[in-house]
Amino acid sequence: MANRKFIIVAAAAFAVTLTFAQAPAGEAAKGEGGKKEGAFKVNPRALPQNNKPALVLSEQWQQIPADVEHPVTQASVTNPNLDLKLYGDGVGGTNPDHGVWIVWHEQPQTEPLHLWTGMCKSNCAASLRDKYNFLDLRGLAYMRWDVRIAGLHLLRPIVKLADGTWLVGDHTDGLNTDWHPSEFSFADVRWRKLDITKVVEAADGKWVDNPDLSKVDEIGFTDLMAGSGHGPGGWSDVGKIEVFGKAVPRTANAPQTSSK
Amino acid sequence: MNQRRSVNNAVRYLPLSLACAGLACALFAQEPAQERVAKKEGTAKKAPGKQQRAKLLFREEWKQFPPGGEHPMTQEGVASPNLEIKLYGPAAKDIRIFGEATDETNPTHLWTGLCEATCAAAIRDKNGYIDLSGLGRVRWYVKMAGFHLLRPIVKLADGTWLVGDHTDGLTADWIESEFTPSALRWRKLDIKAVTEAPDGKWLDNPDLSKVEEFGFTDLMRGSGHGPGGWSDVGWIEVYGKSVPRE
């Protein structure tokens, strides 16, 4: 009986000693020779985050004229270096109301200034083009947008490459009750060609694996659907858009980072 | 020495062992006791898992008609004499019938690729409402292209249209897909525009015991010829009960 108790106590003491000995092992190396090369292994997760791409495009929109809503135009873009492009039924109008609109509700403000696809009578898309730079969206480049989606609509990114090819991505943002920022890496997106005139998938029906995103001419969004009009039926709200990557000057004398 | 320790242990753990045994007996005794009472009182019920699956109410395989090949869908394309076809949306007329019954890679089917705007198709049983409640279910043979997502739609006896959150997406080949309508989440559908209705609400547990029409939409316009983006819908099987119309 006494022998058994002794064995249990000894085993417990050994286990405790072993546990506490783990951390000081590294510290001990410090004490022995100061900065001993190879004493610590580099933790890849602890790498500084300076390899993250820089903000190269940002747009928060502005309401001119200052009413609640109207078809979006170039006047809605705050950044002088960005061109707004509208496709499909995106170029809006009134009487009858259609197209992509810009919306701003007065105080108490529950939502940011944003573009709204609810009035699109058929598929529509909007994109931004930096006048001076292509966007290099390879590597760790990513996009962040503030969005709210209604109904069964699914918001997707679209890009126009330097050779004129349009692509629509398989990243989607779906139904949410409130505004949320959403972020995704371009490297994680799978693309299909986009028929930008109709704003539908292109007829070839193929995935475009690893497209060359080193020179993106325009970047934007579509939900590939018609809007349901006023009320929370089905549409996409898109507020602030931010793109993180590299700016590639269109010409030799273009500013390196123009549109942030 | 060892013998005495064993006896001591047995004495020490006897109450605990008895308590465990008692608890186990009590737990196992519960169900038979309740069943006995239920039987005695005539209130015995089948366990929930024993609910019977619905039987096949109808199967529509579509029927090719002159000129054959690919052409606008009409009532002539419906094989079952008890079913009516209804086409909806701004591009209703663009829904096509295509394929041949004998072609396994291109069976007779409806195709939304030429819909210049949203479109939808539904079938109505002339014999009565369809009861899709409970374990009523639908199986369809579909092929999808691009980012299109095929969804079921129903028209209830009170005229309300609903679109479900079940989706079938991109497939390389024809596939059978099955779902239980009562398990879906539904939203109201604006059948004229074939978009979500403006109220923006989920309809939890709608009454599917009297469905006037059952059909499908992808809520999107088609991309035209070629494998861009559209829905192919081959045969449809509906499992449920027929409910006479008043």
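Residues are numbered from 1 along each chain as its sequence is written, while chains are lettered from A and ligands numbered from 1 in the order in which they are written. Because the model is predicted, local features need pLDDT of at least 70 and side-chain atom pairs count only at pLDDT 80 or more, whereas totals for chains, interfaces and linings use all residues.

**View 1. Overall make-up of chain A.** The secondary structure of chain A consists of 1 helix and 16 strands, where helices (H or I, at least four residues) and strands (E, at least two) are DSSP runs numbered from the N terminus. Of its 260 residues, 39% are buried, a residue being buried if 20 or more other C-beta atoms lie within 10 Å of its own, exposed if 12 or fewer, and partly exposed in between, with C-beta atoms placed from the backbone.

**View 2. The contact between chain A and chain B.** Chain A contributes 23 residues and chain B contributes 24 residues, two residues being in contact if their C-beta atoms, placed from the backbone, lie within 7 Å. On the side of chain A that touches chain B, strand E12 (191-195) and strand E13 (200-201) each supply at least two residues. That side of chain A has 9 nonpolar residues, 10 polar and 4 charged; Ala, Val, Leu, Ile, Met, Phe, Trp, Tyr, Cys and Pro count as nonpolar, Asp, Glu, Lys and Arg as charged, and the others, Gly among them, as polar.

**View 3. The loop between strands E1 and E2 of chain A.** This loop, between strand E1 (54-59) and strand E2 (69-71), holds A:Pro65, and the peptide bond that leads from A:Ile64 to A:Pro65 is cis, with omega near 0°. A:Trp61 is found in the loop between E1 and E2 as well, and has a positive phi of about 70° although it is not a glycine. A:Trp61 counts as buried because 22 C-beta neighbours lie inside 10 Å.

**View 4. The cis peptide bond at A:Pro96.** A:Asn95 and A:Pro96 are joined by a cis peptide bond whose omega is about 5°, and A:Pro96 lies in the loop between strand E3 (82-88) and strand E4 (101-103) of chain A.

**View 5. The surroundings of A:Asn210.** In the loop between strand E14 (207-208) and strand E15 (216-222) of chain A sits A:Asn210, a residue other than glycine whose phi is positive, near 50°. A:Asn210 counts as exposed because it has 10 C-beta neighbours inside 10 Å.
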